[in-house]
Amino acid sequence: MLEEHLDSVLEIEADAYGAHHWSKDGFRNEISNNLAHYICAFKKNEQDELELVGYSGIWTIFEEAHITTLAVSSRHRGQHVAQAILLAQIKF
């Protein structure tokens, strides 16, 4: 996850969690945290452009990992996006 992804992340965040979602500053702080690892999932849309469809964050402390957030765009749920994201996080 990069700073340039945050607007798309916030759209999915609000869709997934409603009024009680993380702020842009919250994500900005997390992606600069040395203990955190945040990734995004992308799919090509109808215009053949990459669209951010999901994201996840974990904190790694020693040999443990704690999921801090995970969300998928409502249009892409049920397509195993979250599964792919979690598998990528595990490989990290």
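I took helices (H or I, at least four residues) and strands (E, at least two) as DSSP runs, numbered from the N terminus. The model is predicted, so I note that local features need pLDDT of at least 70 and side-chain atom pairs count only at pLDDT 80 or more, while totals for chains, interfaces and linings use all residues. Residues are numbered from 1 along each chain as its sequence is written, and side-chain values use heavy atoms, with hydrogens and water left out.

Entry 1, serine 56. I located serine 56 in strand S2 (residues 50-61). I found serine 56 buried, at a relative accessible area of 0% (buried is under 20%, exposed over 50%, partly exposed in between; 1.4 Å probe, protein chains only). I listed the contacts of serine 56 (heavy atoms within 4.5 Å): His37, Tyr38, Ile39, Thr69, Leu70, Ile85 and Gln89, leaving aside residues up to four places away in sequence. I also noted that the side chain of serine 56 comes to 3.2 Å from the backbone oxygen of threonine 69.

Entry 2, the sheet. I traced an open, antiparallel sheet of three strands, ordered S1-S2-S3; two strands pair if DSSP finds at least two bridges between them. Strand S1 (36-44) and strand S3 (64-72) are the edges, each pairing on one side only. I recorded eight bridges between the antiparallel S2 and S3. Glycine 54 has valine 72 in S3 as its bridge partner.

I saw helix H1 (residues 6-17) lying across S1, S2 and S3, at about 80 degrees to S2; axes are lines fitted to C-alpha atoms, for helices over the stretch in contact, and angles run from 0 to 180 degrees between N-to-C directions. Helix H2 (residues 24-31) packs on the sheet and touches S1, S2 and S3, its direction making about 115 degrees with that of S1.

Methods:
A polar contact is a pair of N or O atoms within 3.5 Å; within protein, one must be able to donate a hydrogen and the other to accept it, and residues adjacent in sequence count only if both atoms are side-chain atoms.
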